[in-house]
Amino acid sequence: MGFQIGSALLDACVLSVLSKSDTYGYVLTQTMKQVMDISESTLYPVLRRLQKENYLRTYDQPFQGRNRRYYAITSEGKAKYELYKRDWIIYKNQVDELLCGEDKDE
């Protein structure tokens, strides 16, 4: 895709994935890569910031002799995700109208 991905959109996408289930960084990155070009080096600062803002929490679980860090959405994160969804629908509709005009249904 040829469009820049801003921090708010990254936040919304991370919160969306985590609203479905807790997961660890590698799976989260792979899920995000299905729809956008993102690397782990881009994703981990986003995760740290969302955690600092209390939208995410972490916990460790042992896996094959090592600890795996899982990310989980908080109630504040769920509320923020709902705001992002509402704002996205408005934004998407406005951009669709601007870019596609009458032929957006074709």
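Predicted model: local features only at pLDDT ≥ 70, side-chain atom pairs only at ≥ 80, totals over all residues.
Let me start with the largest pocket, which holds about 660 Å³ of space and is lined by 21 residues, with L9, C13, W88, Y91 and K92 lying nearest its centre. The elements that give two or more residues to this lining are α1, spanning 7–20, and α4, spanning 75–100, and it is α4 that gives the most, with 10 residues. By class, the lining of the largest pocket has 15 nonpolar, 2 polar and 4 charged residues.

The second largest pocket has a volume of about 160 Å³, and its lining consists of Y24, F63, Q64, R66, N67, R68 and R69, with strand β3, residues 66–73, giving the most, namely 4 residues.

Turning to the aromatic residues, the structure holds 3 aromatic pairs. One of them is Y59 with Y70, a stacked pair at 5.5 Å centre to centre with 10° between the planes, and this pair links distant parts of the chain, as Y59 is in strand β2 and Y70 in strand β3, 11 residues apart. Y70 counts as buried because its relative accessibility is 15%, under the 20% cut-off, whereas Y59, at 24%, is partly exposed. Together with Y24, these two tyrosines form one aromatic cluster.

The rings of W88 and Y91 have centres 5.9 Å apart and planes at 45°, so that pair is tilted. Both residues lie in helix α4, 3 residues apart, about one turn of the helix, and both are partly exposed, W88 at 40% and Y91 at 48% relative accessibility.

Methods. Residues numbered from 1 in each chain as written. Heavy atoms only, no water. 1 Å grid on protein atoms, 1.4 Å probe; cavity = no way out; pocket = protein on both sides within 12 Å on 5 of 7 lines; lining within 4 Å. Points joined across faces, edges and corners; volume = space filled by probe spheres on them. Nonpolar A, V, L, I, M, F, W, Y, C, P; charged D, E, K, R; others polar. Phe/Tyr/Trp six-rings, centres within 6.5 Å; stacked < 30°, edge-to-face > 60°. Buried < 20%, exposed > 50% of the residue type's maximum accessible area, 1.4 Å probe, protein only.
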